[in-house]
Amino acid sequence: MNMREKIEAAAARYPDQRSAIMPALLIAQKEHGHLPGPVLEEVADILNVERIWVYELATFYTLFHTEPVGMFHLQLCDNVSCMLRGSEDLLGHLETVLGIKKGGTTPDGLFTLSTVECLGACEMAPVMQLGDDYLGDLDIARIDALLDRLRAVAGQTTGADLAAAALPGA
């Protein structure tokens, strides 16, 4: 099934096409890896909705990426609970060991580093999202071990299997 067919099937579950924008964006991002302008326009055209509605959602939610991201997207929470438990130090460490600033991607395309306003997991602060998984109670040693595991499995497998292979014991 191609992207259009998947989006149309998802949209059929909603009484209003505008309600199907988020599922359609998820489908398109899975297909393309990120959501550049032409893909956003295609989603709007498939759903027959205003393009601005699609752009608004794609640029508001941190789960959507309008620019390419690395194989591993590290999203560190920088809200109050995480900040009080050391997320600023973790961010500085990640920037140093990865050689990039937040918002950047390593030259090898392996890692993208972002901060997000809140992951809603304050009980695990400081917390980071990797793919669909949350990693909590982080410290520099756990971050370094995670990065080592991610680098080790990167050459061995692809896609969602990468994060899953690296996460045990994270």
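Tutor: Let's call two residues in contact when they have heavy atoms within 4.5 Å of each other. With that in hand, go to Pro126, in the loop between strand S2 (111-116) and strand S3 (128-130). This is a predicted model, where local features need pLDDT of at least 70 and side-chain atom pairs need 80 or more, while totals for chains, interfaces and linings use all residues. Numbering starts at 1 along each chain as its sequence is written, and side-chain values use heavy atoms, leaving out hydrogens and water.

Leaving aside residues up to four places away in sequence, Pro126 touches Cys82, Arg85, Ser87 and Leu90, plus Leu135, Gly136, Asp137 and Leu138. Take Ser87: 39 residues separate it from Pro126 in sequence, yet their C-alpha atoms are 5.7 Å apart. Pro126 counts as buried because its relative accessibility is 2%, where buried means under 20%, exposed over 50% and partly exposed in between (1.4 Å probe, protein chains only).

Now zoom out. Of the 170 residues, 42% are buried. Among contacts with a separation of 6 or more, 57% join residues 24 or more positions apart. The elements run α-α-α-α-β-α-α-β-β-β-α-α from the N terminus, giving eight helices and four strands; these are DSSP runs, H or I over at least four residues for helices and E over at least two for strands.

Two patches are worth a look; a patch takes residues over 30% relative accessible area with no salt bridge, joining like charges within 9 Å and nonpolar side chains within 5 Å.

The nonpolar patch is Leu26, Phe60, Tyr61 and Leu63, about 390 Å² together. Leu63, in the loop between helix H4 (51-60) and strand S1 (72-77), is partly exposed because its relative accessible area is 36%. The negative patch gathers Asp78, Glu88, Asp89 and Glu117. Asp89 belongs to helix H6 (residues 87-98) and is exposed, at 58%. Over the chain there are 12 positive and 24 negative side chains, their centres 2 Å apart.

Conventions
Lys, Arg positive; Asp, Glu negative; His and termini not counted. Charge placed at Lys NZ, Arg CZ, Asp CG, Glu CD. Areas by Shrake-Rupley, 256 points an atom, 1.4 Å probe, with all protein chains shown as cover. Salt bridge = Lys/Arg side-chain N within 4 Å of Asp/Glu carboxyl O.
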